[in-house]
Every structure is written in C-alpha cells, then in structure tokens.
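Me: I would like to go through this model with you, one question at a time. Please set out the terms before you use them.

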Amino acid sequence: MTKKQLFLLFFIVLLAFSLRFYSVTKVPPSPDWDEASLGYNAYSLLKTGKDEYGSFLPMTLRSFNDYKPALYVYLIIPFIKVFDLSLLAVRLPSVFLGTLTVFIFFFLVRELFWQTDKWKEKANEIGLVSSFLLAVSPWHIQFSRVAFEANAGLSLVVFGLAAFFVGLRRQKTWWYCLSALLLSLSLYAYHAQRIFVPLLLLVIFIIYRAELLKKGKALLVPIIIGIAISLPILLLFITPAGRERLQNVSVYSDQTGLLASEVGRQILDQNMESKLGAIFHNRRITYVNVFLENYLWHFSPRWLFLSGDSIEGHHAPDMGLVYFTLLPAILLGIYYLVSGKGKVKYFILAWVFLAPLPA
C-alpha cells in the first residue's frame, strides 16, 4: 500500500468510528428491551458468574424466553467494569466491532480481488471504496450504534473470512486456524450464523477444494479447532431451549394462520372435484410459496432502497437499507460479477444467495 492509501484507510476508519460513536447514548434515544436484558445479564455475570435465572456462565441466555446467544453479553462485561451498568457500556462493544469490521473489510475485499487477474492491480483501490461504502452504510451504522448480537455475528464472519483468504494466498496453516476460531465463535454471537456459516464453509470447500487439499494433514488442525469450539453450541442448538428461537419466530410456527386460506381452497376444490386444485392447493405448496416470498423480499428494490425492515429499530427512519444513489453501482457490480471468471465470482455469489436463508 502507498502512504496515500494508508492515510485514506485511516480516514475511513476514523469516519466509521465517528458515525458510530457520536451521541451513541442519545441516538437511538433509549435502550430497547434486548439491550436492557443484555446489560442486566452482563452485570449479573460480572457480580455472580450467573445470569438472571441463576445459570452459571451460560452459552445461551433465557432472557425473555427468546434464548439469546451469550457472546455479546460477555463482551459487555469489561465495559461495565469501567463504565458501570450504563447504556454506554452496553453499546460500546457494538461500536468497536462495527468500526473494526470496516477496517477488516478492506483486507477481505483486497484479498478477494488479488485472486483475479483483471482487477488484481486495483485491489487496494477497490478495498478502500468498499470500506468507505460500509463506513457510511445506513444499515451498518444503525446496527453498530445499538447492542445488536447480529452486528457481532457479522463482524466475526468478516474477520474469519479475511483470515481464511489471507491463509489461502500465503498457504499458512495458522491463518486457517485463526479463521476456524473466528467463524466458530460467530456461532455463539447470533442465531443466523448457526445456519449461514456451515453452509458457507461447505461452499468454500467445494470452490477451493484443490487448494485446501494440498495442505493435507495440516488442514486437520483448523478442522479440529473449528469442531471443538462449535460443537457445544451446535449440540445446544438441537435441544428444546436451543430450538426455542426458531419455533417462536419461524414463519411456519403459526400453522393454523398460515394454512387457513389453503383449507378454504381445498374444501372448494373437493366440492368442485378439481384434480388440478389438489395439486396446487396443499400445505407443501404453501410452505414453498411462503419461503420463496420471504427469501425474494431480501432482493426487493422496495425493501433495499425505500421501506427497509418492518421493525423501525433495524433501519434509519424514512429510508431503506441502502442509498438509492448506489443502484447504478450495484447493477454494474452485478454485471461484472456474472460476466466475470474465476473462483471469487462463485464465492461472492454464494455469499449473496446464502445470506437471506436464516431469515
């Protein structure tokens, strides 16, 4: 990197921190109930080693019976030690993680474009532009200013992927070990990572299997690290407490409401003796339609640029998740991605299409 590029990266990181830290205890103006729960449990763990329900060093917090992953709570504890039990202490880990993600994102993007012959010489510049866009991104600023476990999960995924691609280029086992550590820890940060990360790792192995298999027995070390760290939370995920979140928020949880309209159609089909209706009006087709509708909504221009999430705390008021002015750049990026060559293309496409699955 040139001195100018280093200065620009420093400026971008400073800008990212400023946007995430300025008036962080006033905007948003008050803690939501998740933040209150996270702060109280962190304080309880600091004082007693137990959460509010008396569980010793839990991996999952019962909280409001939504069973939150506990990693973010442990991150809060040092800040409560310094700043006491306050909104500042609860939100600061998210601020620092969001800022650090902007910094590490530069290296992840640079590593990806270093793999391409066409863009290799421009990898630093593309990395700087990418970090800047993340630094000023409405959704990332919003999630970095509030104690959202999702922000911690995303940060660890970005850190882990950056370490993986550095290891892929340098063929150093310890980078793979670091990647395994970070990606495994992300499973303890947020529910979505427990679905997204294993799927992404499977895709990574398929795409880069030739490079990975060259490591031979050395690859066993990061694999063992990953299994050892992630196995406890994955085993917990299949218990009743671990499935509680999925059962509560899944679109399929309210079977009666979901299938109510289909029952009416089925009765009408039976009365009319419609064989075609029996094929298209059944619960399996309903499940698929609901899944596709929710999945495709993540790519809707209305959701991305205009309305954002239905939960107001998840996006800036009166706007979408992404600046509308970025639409030409996004379309251009899609064109270059689809028409391009190389393994990076398939990795980025996999990331894009796998990301909405947990939601």
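Reply: Buried means under 20% relative accessible area, exposed means over 50% and partly exposed lies in between, with a 1.4 Å probe and protein chains only. This is a predicted model, in which local features need pLDDT of at least 70 and side-chain atom pairs count only at pLDDT 80 or more, whereas totals for chains, interfaces and linings use all residues. Residues are numbered from 1 along each chain as its sequence is written, and side-chain values use heavy atoms, with hydrogens and water left out.

Me: Is P93 buried or exposed?
Reply: P93 is found in helix α4, residues 87–114, where helices are DSSP runs of H or I with at least four residues, numbered from the N terminus. Because its relative accessibility is 3%, P93 counts as buried.

Me: Which residues is P93 in contact with, leaving aside its neighbours within four places in sequence?
Reply: Contact means heavy atoms within 4.5 Å. With neighbours within four places in sequence left aside, the residues in contact with P93 are Y72, L75, I76 and F79.

Me: How far apart in space are P93 and S144, C-alpha to C-alpha?
Reply: In sequence, P93 and S144 are separated by 51 residues. In space, taken from C-alpha to C-alpha, the distance between P93 and S144 is 8.7 Å.

Me: What percentage of the residues in the chain is buried?
Reply: The chain, which has 18 helices and two strands (a strand being a DSSP run of E with at least two residues), counts 359 residues. Of these residues, the buried ones make up 42%.
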